Amino acid sequence: MQVLQQSARKLCATSGTAQKLGGEKSAKIYIIAEAKRILNTCMCVRQYTDKGVVAVKTPFKVQLGEGKLYAWCSCGLSKKQPFCDGAHKAVGMTPVRFKMEESREVWLCGCKQTNDRPFCDGTHKTDAVQNTELGQNVAA
């Protein structure tokens with residue numbers, strides 16, 4: 001809460017929000033309320049599932065290079081599947097970062113439900129995943 005108040009004070013001082021909302025106190029209250037709303041939204045999404053939404057119902061066959069660092073999308077929201085594009089920031093998740101020890105072709109999970117992250121373990125073949133609409137969480 002203290003961090004929110006400090007951030008609100010700085011934002012009010014630099015953005016002109018206080019003048020638009022009729023004073024610094026009103027602006028701080030508005031900014032703190034908005035920040036709490038955003039945090040609560042992120043927390044709700046994060047608590048709903050530890051795995052992301054179903055991006056696709058098949059794995060991605062990709063050639064990965066030795067020693068290269070990769071960031072696999074775990075949230076299912078990336079537009080650059082199966083890799084991360086930063087979309088996870090909106091829902092409070094993080095990508096799975098990994099480095100290949102050798103160059104090889106692998107199958108990366110597309111449904112985001114694998115228990116062998118980031119690699120496909122066949123979970124996409126289950127009824128639970130197949131009966132889930134793209135962009136939705138798998139029912140518990």
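## Salt bridge

Glu 105 pairs with Lys 61 in a salt bridge, the closest N and O atoms being 3.5 Å apart. The term covers a side-chain nitrogen of Lys or Arg within 4 Å of a carboxyl oxygen of Asp or Glu, and by this rule the count comes to 1 salt bridge. The pair links distant parts of the chain, with Glu 105 in strand S4 and Lys 61 in strand S1, 44 residues apart. Side chains of opposite charge can pair when their charged atoms come close. Glu 105 has 47% relative accessibility and counts as partly exposed; buried means under 20% relative accessible area, exposed over 50%, and partly exposed in between (1.4 Å probe, protein chains only).

## Model and confidence

This is a predicted model, in which local features need pLDDT of at least 70 and side-chain atom pairs count only at pLDDT 80 or more, while totals for chains, interfaces and linings use all residues. Residues are numbered from 1 along each chain as its sequence is written, and side-chain values use heavy atoms, with hydrogens and water left out.

The average pLDDT (the predictor's confidence in each residue, from 0 to 100) is 83, and 71% of the residues score at least 70. Over residues 41-48 pLDDT stays under 50, and the model has 7 contacts beyond four places in sequence for that stretch. Contact means heavy atoms within 4.5 Å.

## Overall fold

The protein has 4 helices and 4 strands, in the order α-α-α-β-β-β-β-α along the sequence. Helices (H or I, at least four residues) and strands (E, at least two) are DSSP runs, numbered from the N terminus. Of the 140 residues, 34% count as buried. Among contacts between residues at least 6 apart in sequence, 59% join residues at least 24 apart.

## Nonpolar core

A nonpolar core is a set of buried Ala, Val, Leu, Ile, Met, Phe, Trp, Tyr and Cys residues joined through side-chain atoms within 4.5 Å. The largest one has 13 residues, of which Leu 64, Phe 98, Met 100, Val 106 and Leu 108 touch the most other members. Strands S1 (60-64), S2 (69-72) and S4 (104-108) each supply at least two residues of this core. Leaving aside neighbours within four places in sequence, the contacts of Met 100 include Leu 64, Tyr 70, Val 106 and Phe 119.

## Loop between S2 and S3

Cys 75 is placed in the loop between S2 and strand S3 (96-99). Cys 75 counts as buried because its relative accessibility is 4%. Beyond four places in sequence, Cys 75 is in contact with Gly 52, Val 53, Ala 87, His 88, Val 91 and Met 93. Pro 82 is in the loop between S2 and S3, and a cis peptide bond with omega of about 5 degrees joins Gln 81 to Pro 82.

## Loop between S4 and H4

Gln 113 sits in the loop between S4 and helix H4 (127-130) and is buried, with a relative accessible area of 9%. The Gln 113 side chain reaches the backbone oxygen of Gly 52 at 2.8 Å. Not counting residues up to four places away in sequence, Gln 113 touches residues including Lys 51, Gly 52, Thr 123 and Val 138.

Lys 112 lies in the loop between S4 and H4 and counts as buried at 0% relative accessibility. Phi of Lys 112 is near 70 degrees, a positive value in a residue other than glycine. Pro 118 is also found in the loop between S4 and H4; the peptide bond from Arg 117 to Pro 118 is cis, with omega near 5 degrees.

How values were computed:
A polar contact is a pair of N or O atoms within 3.5 Å; within protein, one must be able to donate a hydrogen and the other to accept it, and residues adjacent in sequence count only if both atoms are side-chain atoms.
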